[in-house]
Amino acid sequence: MKDSEMTIMVVDDDPGLRDIFTVLLEEEGIVVVAAENGKEAWKQLTSGKHKINAIISDVIMPEMDGKQLLKKIATLPVQERPLIYMMSGHSELTRDEAIAMGAQDMIPKPFDIEKLIGDIRSKLS
């Protein structure tokens with residue numbers, strides 16, 4: 001899949017981090033959809049407006065956290081589920097729990113965005 005055909009959703013309640021991720025991903029030619037919490041992410045994901053290939057989501061957020069979002073995404077048909085990467089600087093959700101719930105990985109903040117993009121590219125190709 002070409003980067004220009006890839007759409008990644010960034011879900012984080014910190015607008016600064018959302019902006020940084022958006023800029024870094026867009027510099028790679030990736031289309032970015034941003035959401036400030038799980039509730040907004042779910043709404044965008046199920047609206048049909050975007051074909052989301054991957055989600056990079058914070059765990060701890062207001063309204064609907066990343067764990068709740070992960071559970072909702074698990075209810076979608078398998079072929080409609082995007083790759084999901086959970087991220088957190090401090091979380092009660094462990095890597096093993098995140099993967100068991102359907103995430104590709106649980107990434108501690110800060111992390112290497114280039115490595116993450118490489119992993120997403122390899123799994124989508």
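**Exercise 1.** Is N37 buried or exposed, at its relative accessibility? Determine also where N37 lies and what surrounds it.

*Solution.* The model is a predicted one.
Step 1: N37 belongs to the loop between β2 and α2 (38-47).
Step 2: The cut-off for a buried residue is under 20% relative accessible area. N37 has 4% relative accessibility, and therefore counts as buried.
Step 3: Leaving aside residues up to four places away in sequence, N37 touches V11, M61, P62, E63 and M64.
Step 4: The side chain of N37 also reaches the backbone nitrogen of K39, at 3.0 Å.

**Exercise 2.** Which strands are joined to β1 by bridges, and how do they run?

*Solution.* Step 1: Strand β2 (residues 31-35) is joined to β1 by five bridges, and the two run parallel. In this pairing, M9 stands opposite V33.
Step 1: From β1 the chain passes through α1 to β2, a β-α-β crossover that is right-handed.
Step 2: β3 is joined to β1 by four bridges, and these two strands also run parallel. Here M9 stands opposite I55.

**Exercise 3.** Check the span of helix α5 and locate its buried residues.

*Solution.* Step 1: Helix α5 covers residues 113-124, which is 12 residues. At 1.5 Å a residue, α5 should span 16 Å; the end C-alpha atoms are 16 Å apart, so the two values agree.
Step 1: The buried residues of α5 include I113, L116, I117 and I120. Seen down the helix axis, the buried residues fall within an arc of 100°, and they therefore line one face of α5.
Step 2: An α-helix has 3.6 residues a turn, so residues three or four places apart point the same way.
Step 3: The buried residues of α5 pack against β1 (7-11), α1 (15-27), β3 (54-58), β4 (83-88) and β5 (105-108).
Step 4: At the start of α5, a side-chain oxygen of D112 comes within 2.9 Å of the backbone nitrogen of E114.

Conventions. Residues are numbered from 1 along each chain as its sequence is written. This is a predicted model: local features need pLDDT of at least 70, side-chain atom pairs count only at pLDDT 80 or more; totals for chains, interfaces and linings use all residues. Side-chain values use heavy atoms; hydrogens and water are left out. The expected span of a helix is 1.5 Å times one less than its number of residues. Buried means under 20% relative accessible area, exposed over 50%, partly exposed in between (1.4 Å probe, protein chains only). The arc is that of the directions from the helix axis to the C-beta atoms. Contact means heavy atoms within 4.5 Å. A polar contact is a pair of N or O atoms within 3.5 Å; within protein, one must be able to donate a hydrogen and the other to accept it, and residues adjacent in sequence count only if both atoms are side-chain atoms. Two strands pair if DSSP finds at least two bridges between them. A crossover is right-handed if, with the strands pointing away from the viewer, the path from the first strand over the helix to the second runs clockwise.
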